[in-house]
Amino acid sequence: MFRRVIIVPLAACLGACAASPMLPGSETILVSKDPAPAGCEFLGEVQGDQGNFWTAEFTSDADLINGARNEMRNAAHQLEANYVKIETESFSDNTADDSLGGTYSAVVIGNAYRCSKELLLSLIH
């Protein structure tokens, strides 16, 4: 019984320490700081966030940032978007305690679009 008491919280903490995963299909969404090409259809605003004060020490800065971007991609995928223009990125630092370094939360906000395959191909070539 004692092992379960320790293992369950430990497993929950370790799960919270990794980047939020992308849903299948989200990896095909092009994310950029460049404006969407003319002719793309605006679908809505999307947001992703990851991290908090409690999990910050156990999550790398890269995982916080990638997790927020993955959540934003997942939200765009639900809108059937294939392009996201990043509008805002916010990374909160541990400034209250000098012993805690790095980022403790990341938020990414963007605008989701549906573009033709030809327009997307013109961006990557």
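1. Let's start with Arg 114, which is partly exposed because its relative accessible area is 31%. For the wording here, buried means under 20% relative accessible area, exposed means over 50%, and partly exposed is in between (1.4 Å probe, protein chains only). Please keep in mind that this is a predicted model, in which local features need pLDDT of at least 70 and side-chain atom pairs count only at pLDDT 80 or more, while totals for chains, interfaces and linings use all residues. Residues are numbered from 1 along each chain as its sequence is written, and side-chain values use heavy atoms, with hydrogens and water left out.

2. How many salt bridges are there? The count comes to three, where a salt bridge is a side-chain nitrogen of Lys or Arg within 4 Å of a carboxyl oxygen of Asp or Glu. One of them pairs Arg 114 with Glu 41, and the closest N and O atoms are 3.0 Å apart. This pair links distant parts of the chain, as Arg 114 belongs to strand β4 and Glu 41 to strand β2, 73 residues apart. Strands (E, at least two residues) and helices (H or I, at least four) are DSSP runs, numbered from the N terminus. Glu 41 counts as partly exposed because its relative accessibility is 42%.

3. Glu 80 sits in the loop between α2 (61-78) and β3, whereas Arg 114 is in strand β4, so the pair ties together parts that are 34 residues apart in sequence. Glu 80 has a relative accessible area of 57%, so Glu 80 is exposed. Taken together, Glu 41, Glu 80 and Arg 114 form a network of salt bridges.

4. Now for Lys 85, which you will find in strand β3 (residues 83-93). Is Lys 85 buried or exposed? Lys 85 counts as buried, because its relative accessibility is 16%. The side chain of Lys 85 meets that of Glu 87 in a salt bridge of 3.8 Å, N to O. Glu 87 itself is partly exposed, since its relative accessible area is 41%.

5. What else surrounds Lys 85? A polar atom of the Lys 85 side chain lies 3.4 Å from the backbone oxygen of Lys 33. If neighbours within four places in sequence are left aside, the residues in contact with Lys 85 (heavy atoms within 4.5 Å) include Ser 32, Lys 33, Asp 34, Pro 35 and Ala 36. Ile 109, Gly 110, Asn 111 and Tyr 113 are also among the contacts of Lys 85.

6. The structure holds one disulfide, meaning a pair of cysteine sulfur atoms within 2.5 Å. The disulfide joins Cys 40 to Cys 115, at 2.0 Å from S to S. This pair links distant parts of the chain, 75 residues apart: Cys 40 is in the loop between β1 (30-32) and β2 (41-50), and Cys 115 is in the loop between β4 (103-114) and α3 (117-124). The link of Cys 40 and Cys 115 is right-handed, with 115° about the S-S bond. Both cysteines, Cys 40 and Cys 115, are buried.

7. A last stop is Lys 117, whose place is in helix α3. Lys 117 counts as exposed because its relative accessibility is 68%. The C-alpha atoms of Lys 117 and Asn 82 are separated by 9.0 Å, and these residues are 35 residues apart along the chain.

Technical notes
Polar contact = N/O pair within 3.5 Å; in protein donor to acceptor, adjacent residues only side chain to side chain.
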